[in-house]
Amino acid sequence: MALLNDSQNYGALTKFFHWIIVALFALQYAAGYTMVALSSKETALGLTQDNYYNWHKSIGLVVLAFAILRLANRTFNTLPALPRRCHRPSAA
Amino acid sequence: MMHHYENLLYLAMFIMPISGYLYVMAGGNGVHFFEVVHLHNPIGKSDNIELAAKWTHIVSSYVILIALAAHLGVVLRHQLILKTGLLSRMTPGRSTQPGTQPSDTANPLTNDDQL
């Protein structure tokens, strides 16, 4: 598997960016939901509401950093063609 | 079509952190970055910015959740019903997508139908 994309396939860098964002977005939805569900005196999994707010905000800034790198990768790297069978109207 | 749709998901990666940042900075709550350092607030308190950013953050989170569900739905449909092996394009290792290689490798630069 190549590091960069080619005309047909996504490279390792694009795949890494994709899955790291999947993980971070999952954490963000979980932390975001938890922090507004908790009261300031409650804990969940040993973490306080404050902890969840702090981690949610911090991970968000990490997401923004990855977003910038990812947009650069999508802009300056080759974007592979969609597979043939995705072009059929029935699969659109 | 699909690549344009993906651009919306890229937009989500920017809208959520930027609106969230403006929300907590304009609201005066700030960011205790990984509970190590308190980040400087470059914009100061602003009720208007806080309100706009807050609702952008909240409404976008639900819109994006729907878009992510659709994204997942497309992959599941390709994987389980159409059996195009679409998922292998994004999983680590070589793509094992059947049905795309012969025509595509013969004419790799045909992107004219990529709307």
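A residue is called buried if 20 or more other C-beta atoms lie within 10 Å of its own, exposed if 12 or fewer do, and partly exposed in between, with the C-beta atoms placed from the backbone. By this count Gln8(A), which has 18 C-beta neighbours inside 10 Å, is partly exposed. The structure is a predicted model, in which local features need pLDDT of at least 70 and side-chain atom pairs count only at pLDDT 80 or more, while totals for chains, interfaces and linings use all residues. Residues are numbered from 1 along each chain as its sequence is written, and chains are lettered from A and ligands numbered from 1 in the order in which they are written.

Gln8(A) lies in the segment before helix 1 of chain A, where helices (H or I, at least four residues) and strands (E, at least two) are DSSP runs numbered from the N terminus. Between Gln8(A) and Asn73(A) there are 16 Å in space from C-alpha to C-alpha, although the two are 65 residues apart in sequence.

Helix 1 of chain A covers residues 12–37, and its 26 residues should span 38 Å at 1.5 Å a residue, which agrees with the 37 Å between its end C-alpha atoms; the expected span is 1.5 Å times one less than the number of residues. Its buried residues are Thr14(A), Gln28(A), Ala31(A), Gly32(A) and Met35(A), and what covers them includes helix 2 (49–76) of chain A together with helix 2 (47–82) of chain B. Covering is a matter of contact, which here means that the C-beta atoms of two residues, placed from the backbone, lie within 7 Å.

How do the two helices of chain A lie against each other? The axes of helix 1 and helix 2 of chain A come within 9 Å and cross at roughly 155°, the axes being lines fitted to C-alpha atoms over the stretch in contact and the angles running from 0 to 180 degrees between N-to-C directions. Helix 1 and helix 2 of chain A are therefore roughly antiparallel to each other, since angles over 145 degrees count as roughly antiparallel, those under 35 as roughly parallel, 65 to 115 as roughly perpendicular and the rest as oblique. Helix 1 of chain A passes helix 2 of chain A in a left-handed crossing, a term used if the near helix is turned anticlockwise from the far one by less than a right angle, whereas clockwise makes it right-handed.

Chain B has 3 helices and 2 strands, and from the N terminus on its elements run α-β-β-α-α. Of its 115 residues, 19% count as buried. Among the contacts in chain B with a separation of 6 or more, 43% come from residues 24 or more positions apart.

Helix 1 of chain B has 25 residues and reaches 36 Å from its first C-alpha to its last, close to the expected 36 Å. Its buried residues include Ala12(B), Met16(B), Gly20(B) and Tyr23(B), and the cover over the buried residues of this helix includes helix 1 and helix 2 of chain A together with helix 2 of chain B. Tyr5(B) is also found in helix 1 of chain B, but with 12 C-beta neighbours inside 10 Å Tyr5(B) counts as exposed. Just after this helix, Gly28(B) takes a positive phi of about 85°.

The axes of helix 1 and helix 2 of chain B come within 8 Å and cross at roughly 155°, and these helices are therefore roughly antiparallel to each other, with helix 1 passing helix 2 in a left-handed crossing. Helix 2 of chain B, with 36 residues, should span 52 Å, and its end C-alpha atoms are 50 Å apart, which agrees. Its buried residues are Ala53(B), His57(B), Ile64(B) and His78(B). Lys83(B), whose phi is positive and near 50°, follows helix 2 of chain B.

The largest nonpolar core has 7 residues, namely Tyr21(B), Tyr23(B), Val24(B), Met25(B), Ala26(B), Val31(B) and Ala53(B); such a core is a set of buried Ala, Val, Leu, Ile, Met, Phe, Trp, Tyr and Cys residues joined through C-beta atoms within 7 Å. The largest share of this core, 5 residues, comes from helix 1 (residues 2–26) of chain B. Apart from this core lies another, of 6 residues, among them Val63(A), Ala67(A), Ala12(B) and Ile64(B).
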